[in-house]
Amino acid sequence: MRSLRIFAAAATAACLFAGAARAQAPSGAGTRPLATLAATRLQGEVRLDGRLDEDAWQSAPAASDFTQSYPNVGAAPTLRTEARVLYDADAVYVAVRAFDPSPDSIAAPLARRDAGGIYSEWINVSFDSRYDRRSAFLFSTNPRGVQRDIYLSDDGANEDGSWNAVWTVATSIDSAGWTAEFRIPLSQLRFGGRPEDARTWGMQITRDIARRGERASWSPWNRNDAGFVSRFGTLTGLTGVRAPRALELMPYASARLTRAPGDAADPFFSENEPGIDAGADLRLGLPAGLTLSATINPDFGQVEADPAEVNLTAFETFFSERRPFFTEGADVFRFGSTRAFNRYGSQEYFYSRRVGRSPQRTLNGPAYPFVDAPTQTRILGAAKVSGRTPGGWSIGLMDAVTNRESARFIGTDGERHTAQVEPLSNYFVGRARKDLNGGSSQVGVLGTATNRGLGDETLASMLHRDAYLGGVDFLHTWNSRAWSVSGYLAGSRVSGSADVLRATQASSARYYQRPDADYVELDPARTSLTGHIGELSVAHGGAWDASIQLKEVSPGFEINDIGFQTRSDARSIATFLGRSVNRQVGILRDHSYAAWQFRAWNFGGDVILDGAAASANATFTNFWGTGIQVGARPAYVNDRLTRGGPLSEQPAQWSASGWVETDSRKPLFFGTDFSYRQDASGLVERGASMWSTFRPSSAVRVQVGPRWAHNDYTAQYVRTTADARATDTYGARYVFGALDQTTVSMEARVDWTFTPRLSLQLFAQPFVSAGRYSGFKELTTPGEFEFARYGDQQGTLCRIGGVYVADPMAARACPTTLPASNDPDFVVRFGDPDFNVRSLRGNAVLRWEYRPGSTLFFVWQQERSGFEPVGDFDFGRDAGAIFDGPSHNVFLIKASYWIGN
């Protein structure tokens, strides 16, 4: 009841916060007039050469009244810019003349398509072709014709850089500056309406002047505005334009050779393992602005692999989606993202990497001496309909079927067998959202379903048979979208065998088996589990950013069958207040500062998170930057430390971090950061990293980023052992150890671009992490951070070979041989947990876009890894050992071919 009263009080505070917001003066967004330009129908032809010498360009009206977005908001740009727009039945054309009296100073590097973070001039053209003031298609180029495209949604708050359109551009540098000439096929945009109507689109054109750190915008916009797309200007004059029935087909084929070490006695082993693969994506434009997409065996994006890492945590790593079928229109399926600058926890309600994932059953142990298992689940077929209608509806429907997968293995009898490792599964997601009040408000619904054919008894004990989610969300903005209130409410239900539901209840997301939790209880007969989640946020965006967020996740909420979630069982409140000054003040080019607070409870009323933090960041007029952050947390309850055991205390702690970066305009620039955290128990975490970029020429970029961390943990969980004599800790002993861990890693990348369509990328990531355990002990008092160390404060600890055994009750001499597993005294035993993990991951990718939308890849990937049960860290020894491990090599050729209009 106490937590419910607190939650209700916080909700009342949110309402008062929203009420006070209505009395505030406008932030200034919406008070500046938006720009307008008329497009001209093309008569004749335009040669896409970047010269802008055709009569059609000269006769089209010019947009020239640009203003600075930064650094001097609203001032006239330091350099003049002109833009013109033409169109015909197939495409829209944009010409931009970027005047510059010093063409030798124009930053014009070569880079591969969609490369980010490069020092360059840019011209960015964006179209809100649906004219919904919320979504847009952005096309960018630099003076060397490097292309970038991004899909913007939620008024520019969300950017999808994985969206790839098929369009062309030509650029030219001359004595007057530089020019860009775009041709964007109408098939790459989305719009509806009758062709005889005079269409109106939103449009924005911006120019980035690298050496001045300046952005000039055609329609007035600055970084303190509450939105981006809603500040677009208006493009008129588009008459007689028919929405194309876009049809695109993207088949691909790949050939792979894998060379990896193995056991010569393994009948499944082949030193050289070839493989071929093929598939296709189809996209068809439907009436009312919708698109039908279908795929057969979609490519998993292994050409540009997931970021290399060694995950030493207990939590799954979240990876971004790369398959074109899933990235196209992904924003339509987004749900449960309230507007807040500080929030507790996060989750993804549709995590598309679940579809076609690696099989969830692995065959290991002495019963499976040799195994040949698939690395991923084949998608038999998938289709979706997505898009936005002229009436303001956003629609997303997707259904996918994945194959039943089996693994071969040699049993202990020496015979070959097969076992199912993934069932036949169906995944469905449905999403609808309606814009109201000209896009200032929204209401929406989401539904997901996962259904599996669990004929195999082992799989039935591991996986849910069915999983469902349903929810509603809303957004309302006012005062030119500077203020907003948003929220959602969703419920989940999973069902299956008693075994799998027991595992669901006992998972780290909820730990129903906790012996001192009186509000949840593990039910071994349960065959279904339900839960809910809800969130409410009130926020203000602009020069002053502020938000308050309330959230509740019930213990039974579960979405990992098709979503991504790490924790349930929490109620929270999070607040934020920050100020951004995007103008020069003395030696500061811009600066910002903020403070935020967070507090969370579980459903039993225990405070499981508490603290506050503050930060300040600044960029100087010499383009150096720096920032600092400090935080503090009082002691609170930890209901996860014992991993299903009783509560413990989380000692009070404080932290500090900072960063500094040099002028990124220079051929060589670098930055560094540090972090430090300490708590009252003696825990200390230290970390530092550096990033540097060297540009020896306009075509080559070298990036190196070493990282170092040293952590001294006072209580790292080791294991739980049942013992009826441990009455103070509910019949079990929770064993911990002090851990001294050092981690060193580095990311090195070389980008060598020959032309905007041909590039070579090299990447390597060496990684070493060593951890030594000592001072093994057990929790003595639930709810406190109190332990008794074996062999010192309590009982006996012995190491026999590579195994630790402990008699927690009495001090005695260590036996010479390992006690029997049923020894009534030495009930605690565990293997030596010391570790030394080494890894090297790297790849080389040659990418050639041999025609618009069609790409050829040549790829070499290598991975080396090793492990030793030693905990000391020796840089010379461990760094050299990285290269001594066996290598796993993959050579790949992949070609895709775009067919479209």
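1. Salt bridges. The count in this predicted model comes to 53 salt bridges, where a salt bridge is a side-chain nitrogen of Lys or Arg within 4 Å of a carboxyl oxygen of Asp or Glu. Side chains of opposite charge can pair when their charged atoms come close.

2. Ground rules. Because the model is predicted, local features need pLDDT of at least 70 and side-chain atom pairs count only at pLDDT 80 or more, while totals for chains, interfaces and linings use all residues. Residues are numbered from 1 along each chain as its sequence is written, and side-chain values use heavy atoms, with hydrogens and water left out.

3. Arg-80 and Glu-82. These two residues form a salt bridge, with the closest N and O atoms 2.8 Å apart. Arg-80 is partly exposed, at a relative accessible area of 45%. Glu-82 counts as buried, at 17%. The cut-offs: buried is under 20% relative accessible area, exposed is over 50%, and partly exposed lies in between (1.4 Å probe, protein chains only).

4. Arg-452 and Asp-561. Here the closest N and O atoms of the salt bridge are 2.7 Å apart. The pair links distant parts of the chain, 109 residues apart. Arg-452 sits in strand β24 (residues 441-453). Asp-561 lies in the loop between β28 (544-553) and β29 (570-581). Strands are DSSP runs (E, at least two residues), and helices are runs of H or I with at least four residues; both are numbered from the N terminus. Arg-452 is buried, with a relative accessible area of 7%. Asp-561 is buried too, at 7%.

5. Arg-677 and Glu-685. This salt bridge has its closest N and O atoms 2.9 Å apart. Arg-677 counts as partly exposed, at 23% relative accessibility.

6. A three-stranded sheet. The order in this open sheet is β42-β43-β44, with antiparallel pairing. Two strands pair if DSSP finds at least two bridges between them. The edge strands, each pairing on one side only, are β42 (796-800) and β44 (828-831). Neighbouring strands are turned by 20° against each other on average, direction ignored. Axes are lines fitted to C-alpha atoms, for helices over the stretch in contact, and angles run from 0 to 180 degrees between N-to-C directions.

7. Five bridges join β42 to β43 (residues 803-807), and the two run antiparallel. Leu-797 stands opposite Ala-806 in β43.
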